[in-house]
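Take a look at the picture first, then read on.

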Amino acid sequence: MSSSFQDMGNICYPKVKLCMWRVLLDCIPSRANLVARGITLQLHLFPLCELQQESTEHILLHCPIAYSIWLQQVGVCSGKHACEIRLVLWGAIGWNLWRF
């Protein structure tokens, strides 16, 4: 396990850390992953933007709304504790986007 991920465990809630671990393994229960597991769903689009299928990559990277949220946080990460701030933001924002 990388030291950054271990550091994240010291400063993030366990449920956020678990979610980000699942993101790294691409096993969060996104709609795309649920369909791949054989679960039938009526809706496949990510409800935040309703543009593409809800996949891990779309939730965190490709959704234009999620992307704008990430861009707004870039300026927050500076100073003495920038690395810790980035880890907390990455976990908290990612968890909240997925929970949407």
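Predicted model: local features only at pLDDT ≥ 70, side-chain atom pairs only at ≥ 80, totals over all residues.

Residues are numbered from 1 along each chain as its sequence is written, and side-chain values use heavy atoms, with hydrogens and water left out.

Let's start with the big picture. The protein has six helices and zero strands (helices are DSSP runs of H or I with at least four residues, strands runs of E with at least two, numbered from the N terminus). Of its 100 residues, 31% are buried, meaning under 20% relative accessible area with a 1.4 Å probe, protein chains only. Among contacts (heavy atoms within 4.5 Å) between residues at least 6 apart in sequence, 42% join residues at least 24 apart.

Now zoom in on helix α4, which covers residues 56–62 and holds His58. Ile59 sits in helix α4 too.

| Residue | Relative accessible area |
|---|---|
| His58 | 2%, buried |
| Ile59 | 0%, buried |

Who do they touch, leaving aside neighbours within four places in sequence? His58 is in contact with Phe46, Cys49, Gln52, Gln53 and Cys63. For Ile59, the contacts are Ile28, Ser30, Phe46, Glu54, Ala66, Leu97 and Trp98. Ile59 and Pro47 are twelve residues apart in sequence, with 9.7 Å between their C-alpha atoms.

Terms used: Buried < 20%, exposed > 50% of the residue type's maximum accessible area, 1.4 Å probe, protein only.
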